[in-house]
Amino acid sequence: MSRIDEARNVFAHIEQAWSKGERAALLTITQVQGSAYRLPGSKMMMSEKGNMFGTLSGGCLESDLYGWAEKAIEEGEPRLVNYDLSENEIWSLGIGCKGTMEVAIFPIHSEDPFWRSVREAIAQDRAISLAIELPTGIRVVFDEKNPIAGDIDKLPETVARQLINRVESRTRAEIAIVDNRRFYIDTMRPNEHLIICGAGHDAVPVADLAVKCGFRVTVLDPRKEFNGAKRFPMANHLVVEPDQVDPAQLEGNWWLIMNHLQMRDEAALRLALQAKPKFIGILGPLARTREMFQNIGADMNSAPIHAPVGLDVGAETIEEVAVSIVSELLAVRAARPGQSLHGKEKIHV
């Protein structure tokens, strides 16, 4: 899934290149068939002096892509590059993905009003979508479901309808073909916000791993000696009791209940249920969770409840438990079953 944070970081590095007098390009995967390291919508930048940020192939193709990016930057025109990763004799890399991948290279000029609008939109931290004709042609940027800049009147209705109808369910960028014209559609969303209720020792690796996996993390715990930047340097902090929080301020987020104090867990669970949650994971035995629901006058059908939270990987240490919990978060986020990949012909299908 394309994420606002990745796009924001890529454009920040493009602007750094500009500040040094360098021209730069945005590279994005537009289409994948078979297996590849990353999915459509993945982004990186390259400057004319070889500075790079991000990756599209784990390092296998970036040096070749740089040669194409140099040409696109020099010519000032977008171009498409196709790779057949099964052609080991050509690449001599022994790449294990064996799929095909198309990459679009867009030279980004600071004065281009379209890309300026894109940069302004991603700074707002709302879902935005791009519709770009490949390799050159119509370009439109949407804020949620509303076009805000670009060749709005020229975008085929079929493409606009596909973009709008799938803006909430699109999990990766895709190609729309209309009258033999190809349009790249990419929806970028803010990273999911995870509320970890409890600042105990076992919450530390959960928060760290969740951040590394693309979640924005807030720790909710009234104990200031535990809930602070020293223990959770990459998280935000709500140093209050759960019943002191306005649920309207935390609507639409993901929750982990792991206070290890049942009274506080019940208050956190009550808060999460009131905040229109997308996910509630509850640490501990199922019998304890059922008792908490009974005590607060709710049931396990009240929300998307995952209890006990985590995938069954035989976890024992707090680090192993963190892997189990965050693995389930990733599976749910990607709408995947969280099962072994053993025997699967295609990983990302």
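User: Before we start, what are the ground rules?

Analyst: This is a predicted model, with local features needing pLDDT of at least 70 and side-chain atom pairs counting only at pLDDT 80 or more, while totals for chains, interfaces and linings use all residues. Residues are numbered from 1 along each chain as its sequence is written, and side-chain values use heavy atoms, leaving out hydrogens and water.

User: Why is arginine 264 called buried?

Analyst: Buried means under 20% relative accessible area, exposed is over 50%, and partly exposed is in between (1.4 Å probe, protein chains only). Arginine 264 has 16%, so it counts as buried. You'll find arginine 264 in helix 7 (residues 262–274); helices here are DSSP runs of H or I with at least four residues, strands are E runs of at least two, and both are numbered from the N terminus.

User: Which residues does arginine 264 touch, not counting those up to four places away in sequence?

Analyst: Pro222, Arg223, Glu241, Pro242 and Asn259. Contact means heavy atoms within 4.5 Å.

User: What makes helix 7 roughly perpendicular to helix 8?

Analyst: Helix 7 and helix 8 (residues 286–296) pack at about 65 degrees, with axes 10 Å apart. Angles under 35 degrees count as roughly parallel, over 145 as roughly antiparallel, 65 to 115 as roughly perpendicular, and the rest as oblique. That's why helix 7 and helix 8 get the label roughly perpendicular. The axes are lines fitted to C-alpha atoms, for helices over the stretch in contact, and angles run from 0 to 180 degrees between N-to-C directions. On the helix 7 side the contact includes Leu269 and Leu273, and on the helix 8 side Met292 and Phe293.

User: How do you know that strand 14 and strand 17 are edge strands?

Analyst: They belong to an open sheet of six strands, in the order 14-13-12-15-16-17, with parallel pairing. Strand 14 (236–238) and strand 17 (305–306) each have a single partner strand, so one side of each has no neighbour in the sheet. Two strands pair if DSSP finds at least two bridges between them. Strand 13 (residues 216–220) and strand 14 have three, in the parallel sense, and threonine 218 stands opposite asparagine 236 in strand 14.

User: What packs on that sheet?

Analyst: Helix 7 lies across strands including strand 12 (193–197) and strand 15 (254–257), at about 165 degrees to strand 15. Helix 9 (residues 318–333) packs on the sheet too, making about 155 degrees with strand 15.

User: What is the order of the five-strand sheet?

Analyst: That open sheet runs 4-3-2-6-5, with antiparallel pairing. Its edge strands are strand 4 (52–54) and strand 5 (79–84), each pairing on one side only. Nine bridges join strand 2 (residues 24–33) to strand 6 (residues 100–108), where valine 32 has methionine 101 as its bridge partner.

User: What makes a set of residues a nonpolar core?

Analyst: The residues must be buried Ala, Val, Leu, Ile, Met, Phe, Trp, Tyr or Cys, joined through side-chain atoms within 4.5 Å. The largest such core has 28 residues, with Ile14 and Trp115 making the most contacts inside it. Helix 1 gives the largest share, seven residues. Tryptophan 115 touches Phe11, Leu26 and Phe106, among others. Apart from this core lies another, of 22 residues, including Val206 and Leu256. In soluble globular proteins, nonpolar side chains tend to be buried together.
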